[in-house]
Amino acid sequence: MFKKTELIFISFMLFSMFFGAGNLIFPAFLGRSAGVEVWLSLAGFIITAVGLPILGVITVAKAGSFHNLATRVHPLFALIFPLLIYVSIGPGLAIPRAGTIAFEMGLKPFLPQTLMDKPSMLLGYTVVFFALTLWLSLNPSKLVDRFGKLLTPLLLLMIVVIFTKSMITPIGSFSSPSETYKETPFFQGFLDGYLTMDALAALVFGIVVANTIRAKGVQDPKQLSKYMSFAGIGAGILLASIYGILSYLGASSASLGQPENGAQVLTIVMNELFGQTGILMLGLLFTLACLCVCIGLIISCSQYFSETLSFISYKGWAVVLAIVSMIVANMGLTQILSVSVPILGAIYPVAVVLITLGLINNYISTRVYFFATLFTGVFSLVETVNYTFLGNSLDSLLGVVPLYDVGVGWVLPAVVGGLVGLVVPVTTRKLSNV
């Protein structure tokens, strides 16, 4: 019998799966950069870093699975796009990024100067980190107990302690915003939310949430969809609350130097609030957050690949993904981040459009899915090629598209594609609604 109180722990579990290092870094740096415009910037950030992920979970719940959702576009799309998502959110980018950031924040600050930059230190750390991640990933059925009842409450408690201390001993006042946040604070926050990769993660975490709820005895599709939606909303409330705290801490640190990234912002804040003890607390916070995300992603990807490529078992895929992620992590954080930006730019808009269409599925046909996704994908690909390989030489041409200058030029192609899908007759085999 499914107990409604289990939804609280499942929401905690989903929150911890979302809440990785990027979710600590980006809102803190947003607050520091936005200054007095922090709340307007945070509103944009919450739309893409909280709203879209939660809508993604709800969309997957309504569709039944990510595969069902993608099939509404085209069967070939349902093979290629999920694979791109799982590789990006898994061993290609997100898992190695989390493992490397855990090293950068959890161990490196405490190493002697002579050992900090030795590759062997990163290698040794990632071997231990991913071995632990693998061990905790081998039994998905224990995810609620480990995340919802242990790791998430610990994470939340640490953040509440930090926030309470900042209220008792205020850090400082807000400053003027930097140039980008001064001109378009809302849209800059909106774009910053992309970097968390959580809208992509929502599409792959749906299978874990669904399996967790099924394991509690819920088999009816409508009940399953309802409980998944509730879990998503609960996780979203937690995420938005924590982002507000981190943005406030970042904005309050204006008088404490000129940090170059969110990790430095938090380091300065924690040192100001707690001294050296704060640096230890921050290292533990980053390590826990990264560990939770890596476990969730390895479980999600292993379940997907074991169903799609069933010649390897779930546990076999978990081992493969942990090893590959460890190897990629040793490329270093800078290399991983430099690769992630163009890839995210190409696939993130398509994911956003797919989530949006899934929410209004009852009112549109598969033609709308096909053309809206096609137009969005082509525009995003051209934009990514322009940024990555052509040195922005196409800016004068692409700049005629509304909202291109604020980073969301794909919106018009998506709308145009949707309208085309409404009026153009079907020229290929019509897909059945799923």
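Reader: How are α3 and α12 oriented to each other, roughly parallel or roughly antiparallel?
Author: In this predicted model, α3 and α12 are roughly antiparallel to each other, because their axes cross at roughly 160 degrees and angles over 145 degrees count as roughly antiparallel.

Reader: And within what distance do those axes come, and which residues make up the two helices?
Author: The axes come within 9 Å, with α3 covering residues 38-63 and α12 covering residues 221-252.

Reader: Which hand does the crossing have, left or right?
Author: The crossing of α3 past α12 is right-handed, and by class the contact between the two has 19 nonpolar, 6 polar and 1 charged residues.

Reader: OK, switching to α6 and α14, what's the geometry there?
Author: Helix α6, residues 94-106, and helix α14, residues 276-308, have axes that come within 8 Å and cross at roughly 165 degrees, so α6 and α14 are roughly antiparallel to each other, and α6 passes α14 in a left-handed crossing.

Reader: Which residues meet in that contact?
Author: On the α6 side they include Ala-94, Ile-95, Ala-98 and Met-105, and on the α14 side they include Phe-286, Thr-287, Cys-290, Cys-294 and Leu-297. The residues of this contact divide into 12 nonpolar, 4 polar and no charged.

Reader: What about Cys-301, how far is the nearest cysteine sulfur?
Author: Cys-301 is in no disulfide either, since the nearest cysteine sulfur, that of Cys-294, is 11 Å away.

Reader: Are those two cysteines, Cys-294 and Cys-301, buried or exposed?
Author: Cys-294 is buried, with a relative accessible area of 0%, and Cys-301 also counts as buried, at 0% relative accessibility.

Reader: What does Trp-410 touch, leaving out residues up to four places away in sequence?
Author: With those left out, Trp-410 touches Tyr-194, Pro-349, Val-352, Val-353, Thr-376, Phe-379 and Ser-380.

Reader: And how far is the C-alpha atom of Trp-410 from that of Leu-191?
Author: Those two C-alpha atoms are separated by 13 Å, although Trp-410 and Leu-191 are 219 residues apart along the chain.

Note on methods: Residues numbered from 1 in each chain as written. Predicted model: local features only at pLDDT ≥ 70, side-chain atom pairs only at ≥ 80, totals over all residues. Heavy atoms only, no water. Buried < 20%, exposed > 50% of the residue type's maximum accessible area, 1.4 Å probe, protein only. Disulfide = S-S within 2.5 Å. Axes fitted to C-alpha atoms, helices over the stretch in contact; angles between N-to-C directions. Helix = DSSP H or I, 4+ residues; strand = E, 2+ residues; numbered from the N terminus. Parallel < 35°, antiparallel > 145°, perpendicular 65-115°, else oblique. Left-handed = near helix turned anticlockwise from the far one by under 90°. Contact = heavy atoms within 4.5 Å. Nonpolar A, V, L, I, M, F, W, Y, C, P; charged D, E, K, R; others polar.
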